[in-house]
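Please look through the sequence and the model first, and then follow the points below.

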Amino acid sequence: MVTGAVGSVGSVPRLVVAAPASGSGKTTVATGLMAAWSARGMAVSPHKVGPDYIDPGYHALATGRVGRNLDAYLCGAELVAPLFAHGARGCDIAVVEGVMGLFDGASGEGELASTAQVAKLLRAPVVLVVDASAQARSVAALVHGFVSFDPEVRVGGVILNKVASDRHEAVLREALEATGVPVLGVLRRGAVVETPSRHLGLVPVAERAADAVAAVEAMGAMVAEGCDLAGLVALASSAGPLVGAAWDADEALVSSPPPPLPFPSLGAAPPDLPVGPGGPRPQTPDGLERAVVALAGGAAFSFSYAEHAELLTAAGAEVVTFDPLRDEELPEGTAGLVIGGGFPEVYAAELSANERLRKAVAALAERGAPVAAECAGLLYLCRELDGMPMCGVLDASARMSERLMLGYRDAVAVSDGVLAVAGTRMRGHEFHRTVVEPGAGASPAWGVRVPERRVEGFVEGGVHASYLHTHWASAPGVARRFVERCRTS
């Protein structure tokens, strides 16, 4: 067992859990390893390749730490190692769960955003999780192919999943001896952990509570029983050193360009709209009062990158989380509102029933306060969702759809807004089974090229709402611009 924090972030033992294809058992193995090592007193840093919000929630349950994403498409390859180091500070070991198959990445972009690319950027060994349920000797050919496909990717071990019997295991082990890749774990076919799914993947942790805790504990027990934990620690300890500093929100803001122009004054708030509590608010190091930014959370809005709140705080905000399903008022003194992704379609009736909060959100937007909404937030700001009244900030209606919109997007800001000026280029990700009509306002938020050329989203007053999920670490000035607007609106 490894004990005590590693002195240098660059030397944190780490491994990447990958697979030949989706559905092989990566999440079970990665989350199980995190839980098993955490139960043994290790500080485990959890990471996920790609834009996934749901798996990091299970990782956080397993480790007690924030699950963080490593996405070379959204953030750029140059930020993968610094963001990893930021999350891994003070940890004994780090586990990085891959996405899709080991070499699958952004469509038409080669290795970009693939698990293999992230493994190389982190100089981390890979453990390959193989679904062996329908294989015998052929497993050796499969593993040999993945080992030899890219010599820069080091596959240091295999975990066999869905193995039927002792005899099946013996056949698989004998076949793999010729590859020289050690078997570091065997999970039986009957060992299934209940992780329910629906239209966009696993049900998030925020919606399952005790059931999610039990599932994570079961994954940890299953992996501890079936895997060579000491051998996996040894593999993780063979990772090469990382060069360079860890990402830091304060430093990122210092190095990012300032907002292009000051925002014009929008005048005083109407007398019936509170602008802050009676007492003094906390101040930033430069003596400015911290602007309260309300961040939607809870079961309906559980999709948010941790770096967004960190950047808002570094930019001078006091970030206060609230739950639109339970809270009837915005946090006291709210000067700006951020509503990320999630599943408002699942909770449409409850969100609609909270009329007091809907009216508070509408009043905040009406007075010109900055409101940034992504995907689920966009739906919440619409006039209605599946026929049920929402906030009515946008003159648009939303409904469930059979069509899945999924993929990375190259985008350019079409209109000046609270997040960016027209012409600003950002990369994002789209993932939903809903439709908003109309899809764009008179001043659209973004122009995108894939899967077809179109404009989408809304920029109205202080509101910036769209389907596009973005990662602000790639453009820290977004947070500074938003907070600056909070101070002047």
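Predicted model: local features only at pLDDT ≥ 70, side-chain atom pairs only at ≥ 80, totals over all residues.

## The sheet and its aromatic rings

An open sheet of seven strands, in the order 3-2-4-1-5-6-7, is built with parallel pairing.

**Sheet**

- Strand 3 (68-70) and strand 7 (183-188) stand at the edges of the sheet, and because each has a single partner strand, one side of each is left without a neighbour in the sheet.
- From one strand to the next, the twist averages 25 degrees.
- Strand 2 (residues 44-49) pairs with strand 4 in the parallel sense over five bridges, and the bridge partner of His 47 in strand 4 is Val 96.
- Helix 2 (residues 54-63) packs on the sheet, where it touches strand 2, strand 3 and strand 4, and its direction makes about 170 degrees with that of strand 2.

**Aromatic rings**

- The structure holds seven aromatic pairs, and one of them, formed by Phe 103 and Phe 146, is stacked, with 5.8 Å centre to centre and 25 degrees between the planes.
- This pair links distant parts of the chain, 43 residues apart, since Phe 103 lies in the loop between strand 4 (93-97) and helix 5 (115-121), while Phe 146 belongs to helix 6 (residues 138-149).
- Phe 146 has a relative accessible area of 14%, which is under 20%, and therefore counts as buried.
- Tyr 53, Phe 303, Tyr 305 and Phe 343 together form one aromatic cluster.

**A charge over a ring**

- Arg 427 lies over the face of Tyr 73, at 4.1 Å from the ring centre.

Key. Residues numbered from 1 in each chain as written. Heavy atoms only, no water. Phe/Tyr/Trp six-rings, centres within 6.5 Å; stacked < 30°, edge-to-face > 60°. Helix = DSSP H or I, 4+ residues; strand = E, 2+ residues; numbered from the N terminus. Buried < 20%, exposed > 50% of the residue type's maximum accessible area, 1.4 Å probe, protein only. Lys NZ or Arg CZ within 6 Å of the ring centre and 35° of its normal. Pairing = 2+ DSSP bridges. Axes fitted to C-alpha atoms, helices over the stretch in contact; angles between N-to-C directions. Contact = heavy atoms within 4.5 Å.
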